[in-house]
Amino acid sequence: MASPELGKALALRKGLVSVARMAEKVDRTSDMFETVIMVAEVHEELDTEEIRVLSRAFQRMFYEKSDALWTTSKTVQEDGSGNQATYLVLYSGVLEDDMETTLRYALSIIQSHLLPFSRLPQNVVLYIKMVGDINWHLAKLKKLEDTKKQLIQDAWTAYESADKEALENLSPAHPIRLAVSFTKACFYHDVKNWPERACTLVEEALEKVAAGSELASLDQESYKESTEIIGWMEEKHGSWISEANRFACLFHGEGSSSTFAEFYPKTFAEEEEHKISFKTPYSARPPSPVLKRPVPAGPPDNFISPGDWGSQVDEHLSENQIRSRKKAAQAMKGRLG
């Protein structure tokens with residue numbers, strides 16, 4: 001028989017989750033975020049629904065603040081003259097400070113109130129991934145330029161740990177495992193500047209889903225999440241392939257027989273030596289989807305654009321590889337005659 005204290009704790013959690021869902025419904029993101037923090041501070045293992053609400057609250061808060069900062073910074077760049085620009089620059093600094101405070105607060109909640117009290121593999125994997133996401137967000141703040149290298153390394157360490165736990169404990173079709181694979185692939189492309197490896201990771205993840213039957217056995221909500229992530233992976237993969245083909249055409253001309261691997265000459269054996277080094281950081285479920293080969297499409301909104309980090313990453317490439325990358329980049333910008 002459950003103790004009165006346990007009953008009260010469960011009632012508190014359910015009540016808080018209900019408030020968080022209502023705050024989400026009425027677009028009160030800050031209320032939703034603070035409410036799920038109170039859920040985390042109960043120091044109990046969260047169930048599937050609580051995890052989903054907590055994850056959405058963190059995502060909404062991060063991207064709401066990130067979008068405000070990006071929009072303000074873009075306006076400053078476009079209209080960077082006059083007295084008004086001075087005030088916008090000051091406001092941009094305020095938004096950046098707020099973003100950093102929120103991210104570090106969220107990181108402390110995960111490390112002090114969630115991970116130490118979690119034993120379920122899917123929860124542990126999600127929390128570790130969130131640690132990586134937060135460090136990646138922090139690394140994109142201009143005010144933390146001096147610590148960017150360490151923040152990126154912390155993000156990579158978290159993604160590697162989350163991926164290891166996911167491979168050992170979650171099925172290939174589990175939405176959290178798919179999310180980790182997708183984020184790690186984006187990290188390879190955007191930070192490590194290794195698009196071939198990014199594409200391979202996406203292909204391997206999709207092939208494992210297609211080869212198994214786990215997708216059809218998921219509950220309705222997990223099935224919806226997994227198929228959504230699969231769609232994002234296919235779209236992103238398509239855009240990366242299209243990007244590589246454009247580079248190859250610019251480099252070798254139309255009709256070139258050059259392959260993706262030739263344009264990005266990396267091998268899996270190099271992975272151990274490929275270090276990051278910054279010069280400066282339902283009632284009836286629908287049938288399982290057919291995993292078609294991807295076509296070029298735009299990336300999802302919740303990931304940074306390809307190339308944002310490319311100029312800041314030292315991959316220890318050969319002189320020929322560096323020269324090739326520079327020529328391709330110049331061609332994309334219209335500077336190649």
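At what angle do the axes of helix H3 and helix H5 cross? In this predicted model, where local features need pLDDT of at least 70, side-chain atom pairs count only at pLDDT 80 or more and totals for chains, interfaces and linings use all residues, the two axes cross at roughly 5° and come within 12 Å. H3 is therefore roughly parallel to H5, a term for angles under 35 degrees. Residues are numbered from 1 along each chain as its sequence is written, and side-chain values use heavy atoms, with hydrogens and water left out.

| Helix | Range | Residues in contact |
|---|---|---|
| H3 | residues 48-78 | Ile51, Leu54, Ser55, Phe58, Phe62, Tyr63 |
| H5 | residues 121-139 | Asn123, Leu126, Tyr127, Met130, Ile134, His137 |

By class, this contact of H3 with H5 has 9 nonpolar, 3 polar and no charged residues.

Helix H6 (residues 148-169) has 22 residues and spans 31 Å from first to last C-alpha, close to the expected 32 Å, which is 1.5 Å times one less than its number of residues. Its buried residues (under 20% relative accessible area, 1.4 Å probe, protein chains only) include Lys148, Leu151, Trp156, Tyr159 and Asp163. H5 and helix H7 (175-190) are among what covers them.

Overall, the chain has 11 helices and 0 strands, and 44% of its 337 residues count as buried.

Key: Axes fitted to C-alpha atoms, helices over the stretch in contact; angles between N-to-C directions. Helix = DSSP H or I, 4+ residues; strand = E, 2+ residues; numbered from the N terminus. Parallel < 35°, antiparallel > 145°, perpendicular 65-115°, else oblique. Contact = heavy atoms within 4.5 Å. Nonpolar A, V, L, I, M, F, W, Y, C, P; charged D, E, K, R; others polar. Buried < 20%, exposed > 50% of the residue type's maximum accessible area, 1.4 Å probe, protein only.
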